[in-house]
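I opened a new notebook page for this chain.

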Amino acid sequence: MTATPHETERHGRPDGEAPGPPPAGAGGPARTDATARTDAVAPADAPRWRPTAPWTLPLVPAALTLAITLIGIGNPSLWLDEAATISMTTRSYGEMLRVFDHLDLVHALYYMVMKPWVAVFGTSAVALRLPSALAMAAAAAGITVIGRRCLGTAAGVLAGLAWAVALQTSRWAQEGRSYAMTAAVAVLATYLLVRAVDRDERRPWPWFAGYAAAIALLGFLHLHGALLLAAHGTTLLLIRPRAGVWVRWTVSAVLAAAPLVPFALAARNQKLQVEWLPKPTWDVAWSQLQFFSGGRAIVWLVVTLSVIGVIADVRVRRGRPIALLSPGTVSLPAVALPWLVLPTVLLVAVSLVSDPVFFFRYTTYCLPAMALLVGAGLARVLAAAGRRADQAAVMAVALVALVTPSIQDHMFIREQGSRPEDMEKAADVIRDHARPGDAIVYLAGVVRWSAAAYPDVFGRLRDVDQRIDPVRAANLKGRDVYPRDLPPKLARIDRVWVMSHQHLDLGNPVIQRRERAVQAGGPWRQVGRWTYTGGWLVLYVRTGPYRTSR
């Protein structure tokens, strides 16, 4: 995302009225004062940060975000969701399309984007997650630009820095899935909207065209991202633009939604993929607030700074003479609050009256809105300090207050066992104890799917339980042999591994028959059992010849 210079040529109101800024889309004579925008938007006592090259300013939060998110990016184990990314991106595009006909259509674009990356850089944890870290860095740059256009340089930079140190930024930057990319594209779409509705923009249509493309891209990356349109529509209601802006936005929204409607209808036929989603409960608001804030320890600090940011924006727009306002600037709360709140409200509402569609990580693309509000609050607190020495002290205190309570959480999400499944530990067991010729029985297809997180390790074992591999089966699990056919396949096997998964119901008759089939292929002696987060492994060694009469 390219940052827009802060000091740009603006247009002033010809009538000099002072009740408030005119609607977006209004025109006026040109004003060439390059500093008018910054001075008008920020409070008079706000710190004035005037970089030599304004376009370089967003690079600072972006670089910091990338540096922080790269710390320990390869430490956490790959897990089930990332195993899906590995399984899909190591197939041909034709093989992918066979899957999308009945499975994972909502992630199709992400897989297609990641395939060439994986072909070049491989499927290690670092390689798989690096695009997410880069996306979060790009989001930091965009947040900085949006904040600067809405409430001045200090608010923009501090919003970008708040994003860089946020816990959720690191968490989803270290995930080989589409969530970080949705955050970056949501930031891009919001920036394009802010530019498009600026009343001083003489050529709004190119910005709206880019906006339509960005919204469509967001929806294809994650279908829930299309709800950003509702948030942006609410933003327009709050800023009350002229009719022309509404027409252009409506056209853009229709163009963005047009390809997403058939996409959503096709994806609805695959809703069994999310049948595990729980119905939202009464405490979802508190849980979501913690998700947005980065943890219980800093919830109230983040909320307080956000409220201060909203008040600061209102004060700037109502408490200054009109000549000092930047009339082309969209209110930061009008942008951030609907973006933060509305997608969650809509997802929860749908989940309460129909099939559940809400889960916390599905709203990752709303996290930048919280950073914008926190940045606005920090800018106002910093402005109140006055002298540079006091500002430095305030910044130090704010940094300590925001970061210190989250340090342990930052450390935890970078540990190997921090993910729902520690498949790396399971892979380490195979590395240390497996021998050439060993076989493995996955008690269900989902276990084989999870093992795809480390294909170079589990691929060494002979999958005797597999009837059709996942590629030919056009799914993630493959197809298993029937339990009755398993014992003969174990007849010439001297060592066999049995692997289970936390999602399995071991009381399920099918799973029990499969376990009995393994024993029928013996006799065996158990020589090892290893547990890991998400499942367990057992190694059996043959103690006698297989007998078909068993």
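I began with terms: helices (H or I, at least four residues) and strands (E, at least two) are DSSP runs, numbered from the N terminus. I noted that this is a predicted model, where local features need pLDDT of at least 70, side-chain atom pairs count only at pLDDT 80 or more, and totals for chains, interfaces and linings use all residues. Residues are numbered from 1 along each chain as its sequence is written, and side-chain values use heavy atoms, with hydrogens and water left out.

**Entry: the whole chain**

I counted 24 helices and 9 strands. I then looked up burial, where buried means under 20% relative accessible area, exposed over 50%, and partly exposed in between (1.4 Å probe, protein chains only). Of the 550 residues, 55% are buried. Next came contacts, meaning heavy atoms within 4.5 Å. Among contacts with a separation of 6 or more, 77% join residues 24 or more positions apart.

**Entry: cavities**

Rolling a probe the size of a water molecule over the atoms shows where empty space is left. I used a 1 Å grid over the protein atoms alone: a cavity is a set of points where a 1.4 Å probe fits but cannot get out, and lining residues have an atom within 4 Å of a point. Grid points are joined across faces, edges and corners, and a volume is the space filled by probe spheres set on the points.

How many cavities of 30 Å³ or more are there? I found 4. Helix 16 gives the most, with 4 residues.

I sorted the lining by type: Ala, Val, Leu, Ile, Met, Phe, Trp, Tyr, Cys and Pro count as nonpolar, Asp, Glu, Lys and Arg as charged, and the others, Gly among them, as polar. The lining of the largest cavity has 13 nonpolar residues, 5 polar and no charged.

**Entry: helix 9**

Is helix 9 enclosed or open? Of its 19 residues, 18 are buried, so helix 9 is largely enclosed by the rest of the structure.

**Entry: P116**

I found P116 in helix 5 (residues 108-121). P116 counts as partly exposed because its relative accessibility is 43%. P116 and T89 are 27 residues apart in sequence, and their C-alpha atoms are 8.1 Å apart in space.

Note on methods:
On a 1 Å grid over the protein atoms alone, a cavity is a set of points where a 1.4 Å probe fits but cannot get out, and a pocket is an open set with protein on both sides within 12 Å along at least five of seven lines; lining residues have an atom within 4 Å of a point.
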